[in-house]
Amino acid sequence: MSQVSLDLLRTFYELAQLKSYTACSKKLNLSQPAISNRIKRLEEAVRFTLFIDRNPHQGMTEQARQLYGITQRIVEELGKIENLVDSETCSRSRIGVLPAIEFFFGPEMIWKLDTPGSGRKLEIVTDNEDNLLKKVELGQIEVAVVCSRLGAPQNSVFSKRCKLRWIGGLQFDKSTLAGDAEVPLVIWRGNVSRGPSADEILRSCNRRYRIVFETSSLTSYFDAIRRGYGVGFTVEKFLRADRNPYSVKLLEEHLPDLGNIDFHVVCNPDSASCVRKLAQQLASVFEGV
């Protein structure tokens, strides 16, 4: 019985309640094979079958029902401990975001997360993707929102794929980009997600370009594009009228495809329940993006 861990018992408890590997997988943020593996390990430890015909829809075996009653009491006691921890943890919510996300979504995040009378203090920290992920791992921030073109980061609890698009000012003549024309580029060198920059993308396509303006300020970046200095790129959904204060247009022709970028909400799976709830609230900000 020394092999019976709290993780195995909690998985059994949730699966017995939900009667679905899919629902249990979603609730515990684990893959279905991981759920199956935990159930198998628990059965090996207790030396009896947990579900009739090994199917949670068929109900529990007699021995499993006894184990379920014991497990239920354990889970309830653990919930009391979590509530004690939550009361302190949730008094301050530290959210890490990329500068671009704060720029476009900061007000919406605050509106979604602020609960009048809760006494919770919100703190938004901006940094690059690697540093934000490290800060979540070290417990320096509770939740992070990052964008990545290099796959899902560890402990991602939500992801949303969006298209990257080239943009230019309303007066920019896109016909000047035809053929092998030199592309005038506006470059943002601020902290951003891992992935190629505009000049790196054009270079990989053997497309000629020149950098006409370079800045680490997002405001200056979009202002230079709006004024027609050159072209740049951004997430297509950043261009919604209710978020984007700049007048720019999409450039559909003559430039290479930029591909996609994924939004990710990241938190430690062992976090207090209030932190996991915070991550879900953040996910709701980006779900409709």
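Which residues have the most contacts inside the largest nonpolar core? In this predicted model, that position is held by I101, F105, W166, F263 and F286, within a core of 61 residues. Helix 9, spanning residues 273-287, supplies the largest share of this core, with eight residues. In soluble globular proteins, nonpolar side chains tend to be buried together.

Leaving aside residues up to four places away in sequence, W166 touches L185, A198 and L202, together with V231, G232 and F233. The contacts of W166 also include K249, L250 and L251, as well as L255, P256 and L258.

L6, I70 and I74 make a nonpolar patch of about 240 Å². Of these residues, L6 is found in helix 1, which covers residues 6-18. L6 has a relative accessible area of 47% and is therefore classed as partly exposed, since this value falls between the limits of 20% for buried and 50% for exposed residues.

S148 lies in strand 3, formed by residues 143-148. The relative accessible area of S148 is 0%, so this residue is buried, the cut-off being under 20%. The side chain of S148 is joined to that of E129 by a polar contact of 3.5 Å.

How values were computed: Residues are numbered from 1 along each chain as its sequence is written. This is a predicted model: local features need pLDDT of at least 70, side-chain atom pairs count only at pLDDT 80 or more; totals for chains, interfaces and linings use all residues. Side-chain values use heavy atoms; hydrogens and water are left out. A nonpolar core is a set of buried Ala, Val, Leu, Ile, Met, Phe, Trp, Tyr and Cys residues joined through side-chain atoms within 4.5 Å. Buried means under 20% relative accessible area, exposed over 50%, partly exposed in between (1.4 Å probe, protein chains only). Helices (H or I, at least four residues) and strands (E, at least two) are DSSP runs, numbered from the N terminus. Contact means heavy atoms within 4.5 Å. Patches are made of residues with over 30% relative accessible area and no salt bridge: like charges are joined within 9 Å, nonpolar side chains (Val, Leu, Ile, Met, Phe, Trp, Tyr) within 5 Å. Accessible areas come from the Shrake-Rupley method with a 1.4 Å probe; for residues, only the protein chains shown count as cover. A salt bridge is a side-chain nitrogen of Lys or Arg within 4 Å of a carboxyl oxygen of Asp or Glu. A polar contact is a pair of N or O atoms within 3.5 Å; within protein, one must be able to donate a hydrogen and the other to accept it, and residues adjacent in sequence count only if both atoms are side-chain atoms.
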